[in-house]
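Open your viewer and get ready to select some residues.

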Amino acid sequence: MEEKQLNEKESLELIAQMINSSKRNMKVGSGNKLLYWGYFTAILSIALFSLVSLTHNLMWSWGWMLMFAVWPIISYKQKKQPPMVVTYTDKVISQVWQVMGCMFVITFITIGIIEVFIAEHIDFIQMLPLSLLYAGLGVSITGIIVQERWMIYTPLVAFVIAIYMLTLLTLDGKVTILWYLYFGLSFVIMMIIPGHIVNHKAKKQCLKN
């Protein structure tokens, strides 16, 4: 069967349809990953900050490991509600987040090995700024793919906070548990706010269709 060659106008229309479909899928079907992660991380940061402040026991900081536990839960929930149509754009976005997830896991393992065998103590505080960088890159790249400005630029706040944290670490600056709140605030700005905006736009598109 002879394949139909698309002209420039038809190609642009097809790309626009895929982008719009991906935006709708962020609300319909698979759900909005930005809101899942944004709310969970913001609530967790407040909870851990409160527990450490009240008990003066840094053992509560291991509560950040819950982010590993909730990862498969969110993935399972999304698989139970797959979108009706999965476009090439959806697959690209999924692969972007798979790469970011791998970077997060590799960083965690690498830091753990270095600190156990070289520093002879375990302190994963570096994970906070590095996680902000990875998550921010993921949101920005996703925003570029779906052409959503709020997703492209709100992670800049997370980048600034991450650079602030990393600079203090290199200068042997004092690390405080306020970093937990900075971390949570970053997720509010770069995930919850754009997540609701994308949700609103997706609902409007569904009503039009």
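**Stop one: a helix pair**

Helix 5 passes helix 7 in a left-handed crossing (the near helix is turned anticlockwise from the far one by less than a right angle). This is a predicted model, in which local features need pLDDT of at least 70 and side-chain atom pairs 80 or more, while totals for chains, interfaces and linings use all residues. Numbering starts from 1 along each chain, and side-chain values use heavy atoms, without hydrogens and water.

Select residues 155-170 for helix 7, whose axis comes within 8 Å of that of helix 5 and crosses it at roughly 155°. The two are therefore roughly antiparallel (over 145 degrees).

**Stop two: a pocket**

Next, select Ser61, Asp123, Phe124, Ile125 and Tyr180, which lie nearest the centre of the second largest pocket, among its 21 lining residues. Helix 3 (66-80), helix 4 (88-119), helix 5 (127-146) and helix 8 (178-208) each give two or more residues to this lining. Colour helix 5 again: its three residues are the largest share. The lining as a whole has 17 nonpolar, three polar and one charged residues.

Note on methods:
On a 1 Å grid over the protein atoms alone, a cavity is a set of points where a 1.4 Å probe fits but cannot get out, and a pocket is an open set with protein on both sides within 12 Å along at least five of seven lines; lining residues have an atom within 4 Å of a point. Helices (H or I, at least four residues) and strands (E, at least two) are DSSP runs, numbered from the N terminus. Ala, Val, Leu, Ile, Met, Phe, Trp, Tyr, Cys and Pro count as nonpolar, Asp, Glu, Lys and Arg as charged, and the others, Gly among them, as polar. Axes are lines fitted to C-alpha atoms, for helices over the stretch in contact, and angles run from 0 to 180 degrees between N-to-C directions. Angles under 35 degrees count as roughly parallel, over 145 as roughly antiparallel, 65 to 115 as roughly perpendicular and the rest as oblique.
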